[in-house]
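Please open the structure in your viewer and keep the sequence panel beside it.

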Amino acid sequence: MGDQVEMGDAVSAAPVDELMHGAAAAGGGSNDAFAAVEGNGNGNGHVSEAMEGQVQEQAAEEQPPVVDLEALTPEEERLWNVVKEDAADFNSWTSLIQEAEKLEVLSKVEKTYDAFLAEFPLCYGYWKKYADHELKLGSSEKVVDVYERAVKAVTYSVDMWMNYCTYAMEKFEDPEAIRGLFERGISFVGTDYLSHLLWDKYLEFEHMRSEWSRVAQIYTRILQVPLQQLDRYHASFRHFAYSHPLTELMTDEESEASKAAAAPKDSPPGDQEITTVPETDGVTEPAKPAEVTLEPSGTEDLEKYVAVREEFYKTSKEWDAKIRDFEIAIRRPYFHVRPLDDAQLGNWHKYLDFIEKEGGIEKTIKLYERCLIACANYSEYWVRYVHRMDEEGKIESALDALHRASSTFVKRRPEIHLFAARYQEQLADIKGARASYEVLSNSLAPGLLEAIVKHANFEKRQGNGDTACSLFESALELGKIKEDSRARAVLYIQYARFLDQVLKSPEKARKVYSTALDSLPSSKTLLEAVTNFEASHHPGISEVEYVNSLVDKAIAPSKIEGSSVLSAADREELSIIRLEFVDSFGSVEDVKKSEARHVEYFPPPKSTVESKKRPSLDNSVPDRAKVHKPYVGATATAPVTGPPAYSGQTQWNTFAPQAGYAQQSQGWQQPPIQQPTPPVQSQQWNQGYAAHQGGYAGYGGYTSYGPPQQQAPVPQQPPYGGYGQGYPQQEVNGWSSGGW
């Protein structure tokens, strides 16, 4: 089946420097002269201190050099440096393991495997190799220790438990210890569709000991589980049952129950033994069909015994029919660093939907754990698991899954830390939520717009308005933000919006916009935002003149020193926005001047024929701009298509939380309900502005993060409790609203 690198939650890898430390090995035999001095036992008397010093010095010079078994080969050193730089480089890790294994130095092997398995704790194949090296070079106690660590790290791996139990069968002397280990494994993976590997080993163990009643018990339990090879077990059970006397198949409890059932009915009540049949789940303990009257001998009684198991088998086959298609679609039930295809990812979601609806909580938990072996690198499944456990009231299980995800399996994915922060805040774990935000800002994704905005809003909810502002100001000083003018523009807009809409301080917001325009005077994104900001605050004559002057500078044909020139399409679009703004808030004279300036810079076609031949603008220019071209003073009546208007009355106030993983745009899900197109607003400038808001990148989704942690290019879910629509998604030189 390959190596099962389950990427679920576990402890993060220890620093390589720490893993490489160790005591240097002492070497070499002793020099003869040195031995003579140390072992002075032939009656020659004591050597003087001076002579002793000379002899020791000579011995030190002539002694063979010490061989440091812990010293790194050049290739080892190179590979350690590679994995220290990039701990997610799976291929370099495997090369390092091979290099360490060549020398057969146990300390090197242990340090390499410990570091690797801390980073990839679900690689059951490497746990097995580690245990084999301990068996060859170490001790049996260390082998058991490795296996115990393995089943703790990859608890729901059938292969891991099978390997451990196989070792126990070969090395353990106490049959009860072996049997107890099998029972531990069965309790976790006994209902796995491919658990026949472990069940076969268990049957083999009891067969070797001729424990026929125990073998019968195991068959009884297997027939209650819808396994892939259920039909084989059914046929094998029938052969086994008809090959042994019924007395050998029955347990002591079943024999006692049959005797009690066969007692004379006219016997005094006190003479009959009362047998209680405990409730079981059909896995950890065998079913005890005490309702069937069994006698120690007779074909009829054997048929009754078999008939009860036949009913178990029939029920399991009915459930198997429901899940078979889901199970067949699972092509890779183990972990690998290679991404899964969309079909398998979608199948896991559909399978989880089905089990959540019809399987009950225990089946649901075990399927999630199986899923998070194959899909451990995908944040969406961890988020879904946490949501489900939270809905079931299993907060500890939810936090355990969240810890595994954020500390090991998807620890390099910003979205899991954003989700963790929001979830911890909901649980009133303010310290934990702040720590999650700090992981993002300090090390994982400094400059990530969504993290900055959500962190600021979090601090504001805690009553720390000044702290929230300092987060924006610190982010604007980051090198990544400074290097990308469009990213910087978006962050300025978010900061001003926070001051205006959240802290209710429009004057501070206006100062931020002023600072932004000093830095980015020809940013179309900023100019649109400033226009909208002023329009939403009942502008007077001075504000109209201010917007007029800003747009005039931006659309002028000459290049503005120290800034890039806007495209012709962007300049014309800004001019149209200015026309609508002035028409709504300016005087007649202002409108006249704006229209004259527009015609001066963007003259209309000279004739109808020429107009027909005139090529259309780039597709990036909204239809709204084209509506205004024939006559700039006309009022558009066409309904607005596209996203809601970017205005203080609409988009800025949209804080509707999103629905988590359920809103993903994967093929297996129902398509999202289309929201009706918002009506055209009464103010003409707002209509045009809605159509021109293409410059703002959205910060409400997780699809825009950087390269995944060796994962499939699968659309990630919207943020947990996101901010609604925010800016439309737009990439900015490799950076988008969600990250770099």
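Which backbone nitrogen does a side-chain oxygen of Asp484 reach at the start of α26? Select Asp484 and Arg486: the side-chain oxygen of the former comes to within 3.2 Å of the backbone nitrogen of Arg486.

Before going further, please note the conventions. This is a predicted model, in which local features need pLDDT of at least 70 and side-chain atom pairs count only at pLDDT 80 or more, while totals for chains, interfaces and linings use all residues. Residues are numbered from 1 along each chain as its sequence is written, and side-chain values use heavy atoms, with hydrogens and water left out.

**First stop: helix α26**

Select residues 485-502, which form helix α26. Helices are DSSP runs of H or I with at least four residues, numbered from the N terminus. The 18 residues of α26 should span 26 Å at 1.5 Å a residue, and the end C-alpha atoms are 25 Å apart, which agrees. The expected span is 1.5 Å times one less than the number of residues. Of the 18 residues of α26, 16 are buried, so the helix is largely enclosed by the rest of the structure. Here, buried means under 20% relative accessible area, exposed means over 50%, and partly exposed lies in between, with a 1.4 Å probe and protein chains only. After α26 comes Lys504, whose phi is positive, near 60°.

**Second stop: helix α29 and its cover**

Now select residues 541-555, helix α29. This helix has 15 residues and reaches 21 Å from its first C-alpha to its last, close to the 21 Å expected at 1.5 Å a residue. Colour Val544, Val547, Asn548, Leu550, Val551, Ala554 and Ile555, which are the buried residues of α29. They cover an arc of only 165° around the axis, which puts them on the same side of α29; the arc is that of the directions from the helix axis to the C-beta atoms. On the face turned away from this buried side, α29 carries the exposed residues Ile541 and Lys553.

What covers the buried residues of α29? Display α27 (506-519), α28 (524-535), α30 (568-585) and α31 (588-601), which are included in that cover.

Centre the view on Ile555, a member of helix α29. Ile555 counts as buried at 0% relative accessibility. Leaving aside neighbours within four places in sequence, Ile555 is in contact (heavy atoms within 4.5 Å) with Arg571, Leu574, Ser575, Arg578 and Tyr601. Glu572 is 17 residues away from Ile555 in sequence, yet their C-alpha atoms are 7.3 Å apart.

Next, select Arg597 in helix α31. Arg597 is partly exposed, with a relative accessible area of 28%. Not counting residues up to four places away in sequence, Arg597 touches Asp552 and Arg578. The side chains of Arg597 and Asp552 make a polar contact at 3.3 Å. A polar contact is a pair of N or O atoms within 3.5 Å; within protein, one must be able to donate a hydrogen and the other to accept it, and residues adjacent in sequence count only if both atoms are side-chain atoms.

**Third stop: salt bridges**

A salt bridge is a side-chain nitrogen of Lys or Arg within 4 Å of a carboxyl oxygen of Asp or Glu. By this rule the count is 42. Select Lys411 and Glu119, whose closest N and O atoms are 3.3 Å apart in a salt bridge. This pair links distant parts of the chain, 292 residues apart: Lys411 is in the loop between α20 (395-409) and α21 (414-426), and Glu119 is in helix α6 (residues 106-119). Lys411 and Glu119 are both buried.

Then select Lys524 and Glu528, a salt bridge with its closest N and O atoms 2.6 Å apart. Both residues lie in helix α28, 4 residues apart, about one turn of the helix.

For a network of salt bridges, display Asp353, Glu356, Arg384, Arg388, Glu391 and Glu392.

**Final stop: aromatic rings**

How many aromatic pairs does a search of the whole structure find? The search finds 31. One of them joins Tyr167 and Phe172, edge-to-face, at 6.2 Å centre to centre and 80° between the planes. Rings of Phe, Tyr and Trp (its six-membered ring) pair if their centres lie within 6.5 Å; planes under 30 degrees apart count as stacked, over 60 as edge-to-face and the rest as tilted. Tyr167 counts as buried at 7% relative accessibility, whereas Phe172 counts as partly exposed at 25%.

Finally, select Trp80, Phe90, Trp93, Phe116, Phe120 and Tyr126, which form one aromatic cluster.

Notes
Helices (H or I, at least four residues) and strands (E, at least two) are DSSP runs, numbered from the N terminus.
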